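Visitor: I'm new to this structure. Could you take me through one part of it up close, and show me what surrounds that part?

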Amino acid sequence: VIPGWFSEISPMWPGEAHSLKVEKILFQGKSDYQNVMVFQSSTYGKVLILDGVIQLTERDECAYQEMITHLPLCSIPNPKKVLVIGGGDGGVLREVSRHSSVEKIDICEIDKMVVDVSKQFFPDVAVGFEDPRVTLHIGDGVAFLKAVPEGTYDAVIVDSSDPIGPAQELFEKPFFESVAKALRPGGVVSTQAESIWLHMHIIEDIVANCRQIFKGSVNYAWTTVPTYPSGVIGFMLCSTEGPPVDFKHPVNPIDADDSNCNSSKGPLKFYNSEGNAFDFSSSRF
Ligand SMILES: NCCCN[C@H]1CC[C@H](N)CC1
């Protein structure tokens, strides 16, 4: 290990490790579930680490939070009830709250320390918790979903860490079945679905499970996040049987000028209403 540098060494990506230069360690703690660390990096802003794995950096978190949220929410007309599993840093909540049609946002995060640390060190990410439509449940997402009445949600977003540790069950078939039950007909789910360069076997298993469970459409999308292993992260985008869902052509574009869209959350940085990222033709670049 190089002094003054953090290296993301893990058996989940053997033989490689992304490193970030550390200016100052800001927090170190151990919750009931995992080790939590925050440090100021030299070039990516503040960084959140769980059990030695990079969860987000201030510089590139927008790419992940915006894509995992707007790909599903822009694919169905007028989403009203949304559930977030995981996502304790609040970034997905910030993005969900840009959608004026949404009336209710439930979030179930297992580790309260992640919420508290994000509010203290990442206020521009944790701003999502301030939206009055948000109800925070601290608990296990698997148990939460078992208790949800059938057809409750228009969309479920599973913003998880990796399948080693607290999030392991969120990658298994029974969990996907409980998500399908909690969605209305034609409802959509997006989940954190790892890297095509590192985890093809995990992705193949997830896609096979989703094809059995979600009788609408089953898609895999990806985006670039330089501080995630291999620089790319993917998402499962699935819909239950019902009104067809086309994830490639938004039916519910975000109006980037919508007052609700930008107010306390700051402007969209990565995704745009054409469902692309980094459209340099738009006025914002
Ligand atoms: N909301 C924070 C994102 C959590 N997702 C990450 C995806 C890549 C993983 N190696 C670590 C968690």
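Guide: Let's look at helix α6, residues 173-182, where Phe175, Phe176, Ser178, Val179, Ala180 and Ala182 are buried. Buried means under 20% relative accessible area, with exposed over 50% and partly exposed in between (1.4 Å probe, protein chains only). Helices (H or I, at least four residues) and strands (E, at least two) are DSSP runs, numbered from the N terminus. This is a predicted model, in which local features need pLDDT of at least 70 and side-chain atom pairs count only at pLDDT 80 or more, while totals for chains, interfaces and linings use all residues. Residues are numbered from 1 along each chain as its sequence is written, and side-chain values use heavy atoms, leaving out hydrogens and water.

What do the buried residues of α6 pack against? Their partners are β6, α5 (141-146), β9, β10 (183-192) and α7, where contact means heavy atoms within 4.5 Å.

Let's follow α7, residues 200-213. The axes of α6 and α7 come within 10 Å and cross at roughly 35°; axes are lines fitted to C-alpha atoms, for helices over the stretch in contact, with angles running from 0 to 180 degrees between N-to-C directions. On the α6 side, the contact is made by Lys173, Phe176, Glu177 and Ala180. From α7 come Ile206, Asn209, Cys210, Gln212 and Ile213. Phe176 and Ala180, then, are buried and also take part in this contact.
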